[in-house]
Structures are given as structure tokens and as C-alpha cells.
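Please keep the sequence and the structure in view while reading.

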Amino acid sequence: MFPSDMNSAQDAGRVSTSGMVLFPVQFTWIHGGRSVFLSGSFNGWTELVRMSQVEGCPNVFQVVCAVRPGCHEYKFLVDGEWRHDERQLHKNGEYGVVNTFETLPIPAEVPQHRISAVTLNQAMPRISEEDVQASRHRISAFLAAHTAYELLPESGKVVALDVDLPVKQAFHILSEQGIPMAPLWDFSKGRFVGVISASDFILILRELGNHGSNLTEEELETHTISVWKEGKAYMTGQVDGHGRPIPRHLIYAAPSDSLKDVALKILRNGLAIVPVIHSSSEDGSYPQLLHLASLSGILKCICRYFKNCSPSLPILQLPIYAIPLGTWVPRIGESSSRPFAMLRPNASLTSALNMLVQAQVSSIPIVDDNDSLLDIYCRSDITALAKGRAYTHNLNEMTVYQALQLGQDSNTPYETRIQRCQMCLRTDTLHKVMEQLANPGVRRVVVVEAGSNRVEGIISLTDVFKFLLG
């Protein structure tokens, strides 16, 4: 079963733009045994992966493995005997009857779709639809009764940038201030007109890497934000019938807007923040930027208010695996139109940027050779490339590890960056996960397997609010 001439699929010594894209898959054995291992073509049949017994289900064993795109075969080693699962696809192969499955690469366009939460063959906690709706109603009523004014801190600062600022300088400021985005002020119009974010920088870097691009490094250092925004409109096809950029109005909130209205503005427009702007005049002149409202701040208000009465909200006591919440690793035989992909630390930065754009995700788990979580690469990490003009380097030759190092202190060991990743277990309650997400700067929690830290899913702020607000 383990021929020496077969190469391991987990070759961590190479850097490539496509070969290092990995898709986690959950393998399950439900037929019992004392010890169960997994092996397959995805690891060259050269490794036995120990499977963990599911708590409360003595006959069920599971493990999550990261595999490359393609057709794969696998078998289970149960108490020293090689077996296959009759319930799953199987065929006659080189090693007798083997189970089979296929993973597909990320498509150029991915539908907006979430994989349903996995049930894990555990005893599913029961909750009535009436209790779910009652809990949602109480949370919705709280959000409707409180305003954005309550999000304002007692002291703090809000960074805004002028649209006439050079793009390069703007991203240096984002990097130095440790912020992923900033509102834009147009002096000639006397109002805020938009935001510039890490997503803009990602598009710029991809444009720089495009040989047919008209954007040059010199233009990046001299072009203003307003010029880039106009060019972005042409690049993304946001023009009218006369070929002119379609004006986009800034989405903002007033201090008197309810927290529910603010949350819905963020969700419906796919935003990370909404500026809270106050103007004492009816025409909106002389606006004052008070705060940048986020789902994290709103969730903090929810957690604070319901801290001592969470038992009266049944949905908050449910384990997250029992809720249709987040994006989970698909099980064998489970179809998914939204691939769940991961990367090794030595994957190229270009592959990470392409995945962020093509798969329409905000972060990518970074895993080691055992598929255990090491770090996470987020859209906001891209601003670190402003340091030392690292964006001028060939991004095909820069690894994700090197890119993450730019945003860390040079004396910080790579292993300690796991602290950047908020993790939870699939058995954790929704209330516990909400408290983690309510911490400043946290936008998602990675669900990992107990002990091994293998990635099982991701739950974001957006996922939680879509569930809570129905």
C-alpha cells in the first residue's frame, strides 16, 4: 500500500501559483473500530492519517485533510485491516476496492452561496422554530431601540484622506495607522465621497502584474486617489451609456440611525464599515465624521446587553455546528458551489491575491503540512506591502509567509502569529463565538479540530448577523 517510488503530495519545498491551492475535505468513517487511519492518492499513499473519534458517537471517526484539485482515491485502515466505505463512491483500483472523490479548482466567478453547517453525525440539539424566532425578535428589537450614537467611544481618532492624495501615500498611511480603510474627503465638493480600502490596493497590484496594464509603478506614486477611482470605474465596467463613470454615493449613517439600520446597510451593501457622519445643516454641508461603525461594534453592544440573560435566548446556547452558519469544509460526497480553499506558507502571494478576488472571500487559512492552522491571510494584510515599496517586487516570487512577515515585528517568531487567528471548536456555543467576534479588529473565527487545529470552517461577522436578523 505504501510503495517507496510514489511521491508525497504534500511537497512543501516548491512555490507555485496554482499547485499550492488546497481544498479541505472532511472524511468520515461510521462503522466503528478501536483505531482508524486514512490514506489515499492525495498524499501519495505514503502516510497514515489518524482519524479522531467523534465525542458522543463511539462508532464515528473523522479527520479533515487538505487536497489539491483533481480525482482522488482513498481507503481506511481499521484495526489493522484495509477497508472501504460502501456508502461512498467506490471502484476497483490498484489497491483493490477504493473510495473516490473529485475536487475542482476555484472558478473565475463563484456564486454568492454558503455551504450549510455540517451535522457531523452527532446528536443534533433541538430547538423549536418558535424559540428561534423569539430570540431573533428580541435581538432585532434591541437593535431597533438603540442608535449609532452609542457606538461612539469616549475618546479616539478617525482617519480620513483627501481624494487629491497620491495613491502610494494613501496606502502608506493605512499601513502606518494599522487600518484597512479610510473615508475620502473631497475639498472642492465639501463632503465625504467614498472610501479607499485594502481591496483597492489588491486591484492595483493585480493591475501592475498584468502585462497588458496601462498602470505603472510611477503612476502609483504620482496618481491621486480620485484618478485611481475614476480608472477603477472604467476597469470594472461601472460606466454609463456615454462611457462616463457612474457616480457612486457614499453610504453612511447618522448618529440617530438605529443599530439595526446600520447593520442592514453594512449587510446589504457588502461593506466592512459605515462612516457615522453628523451635519447640523439641512443640506448636509459642514459634515463631521464621528466614527466608523462596524458589525464588530454592534455585536459588542448585543453581547454586553444580553450578557446576563443569554440563557433566555435559546439560539445563543446552541453549538455552532447545529446552526446554518458560516462556511464549512465539505464532506465527501457533498456538493459545493463555493470552494473552501487554503494555502501553504510557501504559496506565492499572487495565488493568494487571485483567490481573494476570484473566490470573493476576505481571508484564506494558512496551514502546515499536517493541515493545522498556522495563520490567516486577510485582505487588510495587503497594506503591509507599502513598507519599503515591497509592492514593486515580483509577487510571483514572494511567498505568503514573506508577505505576512512584513506586517510583523522582525523579532516575532512565525509560530506566535497564530495569536492573530481567533479559533473555536465546532461544539462552542453561538454566544461564545459572538463574544470572540465582538473583540476589536476581529472579523472572523476559524473553526478547528480539537487537538490537531485542522481547519473545519470559518464563521464571519457577516454570517452571524445574517443569521440573527433572519
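Two strands are said to pair if DSSP finds at least two bridges between them. The model discussed here is predicted.

**The sheet.** In β11, L184 is the bridge partner of L161. β10 and β11 (residues 181-186) pair in the parallel sense, over two bridges. Both strands belong to an open sheet of three strands with the order β10-β11-β12 and mixed pairing. β10 (161-162) and β12 (191-197) stand at the edges with a single partner strand each, so one side of each has no neighbour in the sheet. Helix α2 (residues 167-177) packs on this sheet and touches β10, β11 and β12. The direction of α2 makes about 75 degrees with that of β12.

**The helices.** Two packed helices are described by the angle between their axes and the distance between the axes. The table gives these values for two helix pairs.

| Helix pair | Axis distance | Crossing angle |
|---|---|---|
| α6 (residues 259-268) and α7 (residues 295-305) | within 10 Å | roughly 145 degrees |
| α7 and α11 (residues 461-468) | within 10 Å | roughly 50 degrees |

The crossing of α6 and α7 is left-handed. Their contact is formed by L259, V262, A263, I266 and L267 of α6, together with L295, I298 and C301 of α7. By class, this contact has eight nonpolar residues, no polar and no charged ones.

α7 also passes α11 in a left-handed crossing. Here α7 contributes L295, S296, I298, L299 and I302, while α11 contributes L461, T462, V464 and F465. The contact of α7 with α11 has seven nonpolar, two polar and no charged residues.

Technical notes:
Residues are numbered from 1 along each chain as its sequence is written. This is a predicted model: local features need pLDDT of at least 70, side-chain atom pairs count only at pLDDT 80 or more; totals for chains, interfaces and linings use all residues. Side-chain values use heavy atoms; hydrogens and water are left out. Axes are lines fitted to C-alpha atoms, for helices over the stretch in contact, and angles run from 0 to 180 degrees between N-to-C directions. Helices (H or I, at least four residues) and strands (E, at least two) are DSSP runs, numbered from the N terminus. A crossing is left-handed if the near helix is turned anticlockwise from the far one by less than a right angle, and right-handed if clockwise. Contact means heavy atoms within 4.5 Å. Ala, Val, Leu, Ile, Met, Phe, Trp, Tyr, Cys and Pro count as nonpolar, Asp, Glu, Lys and Arg as charged, and the others, Gly among them, as polar.
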